[in-house]
Amino acid sequence: MKKVLAIASTGGHNVQLSLIIDSLSSKGFDVIKVRTKVTVDEKDDGYYLIDEISRSNLLYSPVVIMQIIKILVKTKVDVVLSTGALPGLAAIVCGRIFSKKTIWIDCIANSKKVSLSGRIAKYIAHHTFTQWPDLETKKIKYYGSVL
């Protein structure tokens with residue numbers, strides 16, 4: 001059975017990822033769920049919790065990268081999949097370093113242009129997808145939307 005690490009930031013990214021997780025789980029994949037924390041004392045809801053990073057706190061990236069590496073080592077996944085944002089991109093990079101297959105699905109909210117993380121992911125991830133047909137390129141494919 002393939003193990004998939006599914007990671008997203010809390011909010012809309014995680015809502016979309018939850019739909020993908022449900023589909024993967026129903027098809028027999030073992031899904032390891034990872035999302036960013038909302039509060040410091042958050043309870044376990046079946047997800048591994050990592051800290052949030054964004055362009056405004058990039059200096060905190062090494063902490064989040066170490067959290068992701070610990071999860072990758074512990075879970076021994078085959079695939080890293082993310083719907084965004086920057087923590088998901090960090091997981092894609094770590095996944096490549098650990099020789100895992102990687103998939104980036106850009107958030108449906110990005111209807112005018114692919115997110116900055118998605119534009120970076122297209123050079124790193126094995127597969128990069130958009131949810132808008134007008135945003136499809138040679139490196140970013142469109143096969144429909146999650147929602």
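There is 1 aromatic pair in this structure, a pair being rings of Phe, Tyr or Trp (its six-membered ring) whose centres lie within 6.5 Å. What you're looking at is a predicted model, where local features need pLDDT of at least 70, side-chain atom pairs count only at pLDDT 80 or more, and totals for chains, interfaces and linings use all residues. Residues are numbered from 1 along each chain as its sequence is written, and side-chain values use heavy atoms, leaving out hydrogens and water.

**A charge over a ring**
- R35 has its charged end over the ring of Y47, 5.5 Å from the centre (the cut-offs: NZ of Lys or CZ of Arg within 6 Å of the ring centre and within 35 degrees of the ring normal).

**Helices α2 and α3**
- The axes (lines fitted to C-alpha atoms over the stretch in contact) of helix α2, residues 61-75, and helix α3, residues 86-97, come within 10 Å and cross at roughly 50°.
- That makes α2 and α3 oblique to each other (roughly parallel is under 35 degrees, roughly perpendicular 65 to 115, roughly antiparallel over 145, and oblique the rest).
- On the α2 side, I65, I68, I69 and L72 make the contact, and on the α3 side P87, A90, A91, C94 and G95 (contact means heavy atoms within 4.5 Å).
- Those residues split into 8 nonpolar, 1 polar and no charged (Gly counts as polar, Cys and Pro as nonpolar).

**Helices α3 and α4**
- Helix α4 covers residues 116-124, and its axis comes within 10 Å of that of α3, crossing at roughly 10°.
- α3 and α4 are therefore roughly parallel to each other.
- From α3, L86, L89, I92, V93 and R96 meet S117, I120, A121 and I124 of α4.
- This contact has 7 nonpolar residues, 1 polar and 1 charged.

Notes. Rings of Phe, Tyr and Trp (its six-membered ring) pair if their centres lie within 6.5 Å; planes under 30 degrees apart count as stacked, over 60 as edge-to-face and the rest as tilted. Axes are lines fitted to C-alpha atoms, for helices over the stretch in contact, and angles run from 0 to 180 degrees between N-to-C directions. Helices (H or I, at least four residues) and strands (E, at least two) are DSSP runs, numbered from the N terminus.
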